[in-house]
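Here is a short briefing for a first look. Please keep the sequence and the 3D view open as you read.

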Amino acid sequence: MTPPDRTTPSRRAPAPGPPCPRPAPSHPAPSRRWPPGAHPGPGTLVRTTDHRAEPPATCPAVPPAARPAAADAGHTAATAAGHAADGAHRLQLPASPPHPVALRRAAPDPLHNGPEHLGALLHLLRGRVADARTALRSLMTTAEQRGSLDDQHGLLALLVIAELRAGHCRDALETARRGLRLTEDAGLEPSTVLYPNALAEAVAGDLRQAPALARRGVELSEAQGDRLTELRSLAAWGAAALIADDPSGALEPLRRAQLLEERMGVRNPAVFAWHGDLAEALLAVGEDAEARELVRATRARYRRLGLRCPPIGLERAAALCARGTRGDRAAAELSALAERQAAEPLPVEYGRTLLALGTVERRRRRRAAARTAFRRAATVFAGAGADGWLARADAELVRTGAPRETAGPPAAAALTETELLVARLVAEEGVTNREAAARLYLSVKAVEANLTSVYRKLGVRSRRQLADVLPESD
């Protein structure tokens with residue numbers, strides 16, 4: 001038997017070696033200079049494909065064991081980042097791209113769901129509404145400057161909620177209406193902007209439109225399988241019914257929200273925070289036992305998660321649960337809650353607590369105390385521009401036997417000269433707050449403050465009512 005020739009090459013794979021260098025192309029790389037008028041512009045991501053490039057050199061295979069661990073980790077991270085980026089950005093092809101083909105990113109970095117947006121959400125969940133509002137308004141300004149419709153669409157809901165909670169209800173209404181118009185004009189999906197519009201209309205605008213907006217949001221999100229938006233729309237529908245003093249009408253959407261949250265497996269009750277509204281609606285229709293169980297179970301969820309501060313709405317509902325047989329205790333708890341809220345930047349919630357206190361005092365036949373609470377609530381709601389809640393406070397005040405606090409023409413004599421000028425501009429000429437500020441050489445904030453004082457002094461809730469009670473100008 002002839003021994004094998006030792007000079008014959010082995011059939012085994014050669015030992016792994018360093019990567020082979022890529023050979024230089026036989027032609028120069030194509031220029032990345034765009035023809036005049038075709039440059040994609042700054043802030044874009046350009047991916048170049050050279051169809052004339054030569055195939056890569058064939059290198060010996062490198063087994064996995066020979067690759068450094070750091071390289072694997074880097075590859076994994078880069079792959080994950082790439083997948084995330086694929087879902088986060090839209091790529092647009094130029095109409096007539098020069099060679100090489102360029103794919104462009106629509107915006108530098110998305111603002112919606114970015115770190116600043118999520119930070120604002122955390123501010124809102126922790127009760128720092130002023131910080132949340134400042135951050136969101138800054139983000140919205142940036143989105144408008146960029147012309148990014150997607151970002152404006154995505155930021156709208158949280159900004160409206162922050163404005164409402166901070167007591168800038170008319171700003172919230174203006175933002176919500178502008179966002180809905182922008183969404184419809186651009187052909188974007190409207191479901192995520194319908195529920196903030198429903199809330200803003202119920203609190204500060206046309207209360208009659210709010211349920212229809214919320215129901216439309218429920219229908220669209222349900223058809224799309226968007227459970228998050230469906231739940232938020234149901235909560236907005238229930239809130240609008242409560243503002244309209246229709247607790248029976250609030251039960252259906254809020255109970256649906258309860259079932260949907262259970263099916264979704266939401267552990268943190270602070271995410272949607274509709275529980276206080278449902279408890280108040282249940283108490284209003286006499287379902288006290290169900291309301292108490294809801295409050296007890298929701299508070300237990302907060303404790304299990306280590307959340308120290310349940311929302312004011314849940315605490316208010318817990319105090320109201322004691323009104324049936326222990327009215328003194330309910331009044332004492334609501335009074336303590338109101339005093340605590342007086343120093344917090346949540347005027348609408350503060351007004352709602354005063355409203356609840358007045359209701360408890362009226363049931364105890366303490367009419368003077370009830371009227372005081374209702375008048376305080378009306379003042380708070382007027383200052384926040386919460387016209388829907390202001391109407392509720394006025395109606396409750398009338399139930400105590402107090403005369404309706406609306407003013408005829410002689411009441412205009414109580415207005416200052418500036419207040420009268422502002423009132424005439426907005427009621428008779430229909431100018432916006434910004435236009436009135438420009439005409440009177442005031443800041444927009446000063447116009448808002450004067451208009452709030454006018455509403456309070458004349459006992460009106462809208463510009464139409466203001467026009468009815470102002471005397472004719474000379």
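Leu 121 is partly exposed, at a relative accessible area of 33%. Partly exposed sits between buried (under 20% relative accessible area) and exposed (over 50%), with a 1.4 Å probe and protein chains only. This is a predicted model: local features need pLDDT of at least 70, side-chain atom pairs count only at pLDDT 80 or more, and totals for chains, interfaces and linings use all residues. Residues are numbered from 1 along each chain as its sequence is written, and side-chain values use heavy atoms, leaving out hydrogens and water.

**Surface patch**
- Leu 121 belongs to helix α2 (residues 115-125). Helices (H or I, at least four residues) and strands (E, at least two) are DSSP runs, numbered from the N terminus.
- Leu 118, Leu 121, Leu 122 and Leu 125 make a nonpolar surface patch of about 330 Å². Patch residues have over 30% relative accessible area and no salt bridge; like charges are joined within 9 Å, nonpolar side chains (Val, Leu, Ile, Met, Phe, Trp, Tyr) within 5 Å. Areas come from the Shrake-Rupley method with a 1.4 Å probe, and for residues only the protein chains shown count as cover.

**Salt bridges**
- The count is 27 salt bridges. Each is a side-chain nitrogen of Lys or Arg within 4 Å of a carboxyl oxygen of Asp or Glu.
- Asp 387 pairs with Arg 170, with the closest N and O atoms 3.4 Å apart. Asp 387 is in helix α16 (residues 387-399) and Arg 170 in helix α5 (residues 169-186), so the bridge ties together parts 217 residues apart in sequence. Asp 387 is buried at 12% relative accessibility, whereas Arg 170 is partly exposed at 24%.
- Glu 361 and Arg 364 meet in a salt bridge (3.0 Å, N to O). Glu 361 is buried at 6%; Arg 364 is partly exposed at 27%.
- A network of salt bridges links Asp 245, Arg 362, Arg 392, Glu 396 and Arg 399.

**Helix α19**
- Helix α19 (residues 444-458) has 15 residues. Among its buried residues are Val 447, Leu 451 and Tyr 455.

**Confidence**
- The protein chain averages a pLDDT of 77, and 72% of the residues score at least 70. pLDDT is the predictor's confidence in each residue, from 0 to 100.
- Where pLDDT is low, the predicted coordinates should not be read in detail.

Note on methods. The expected span of a helix is 1.5 Å times one less than its number of residues.
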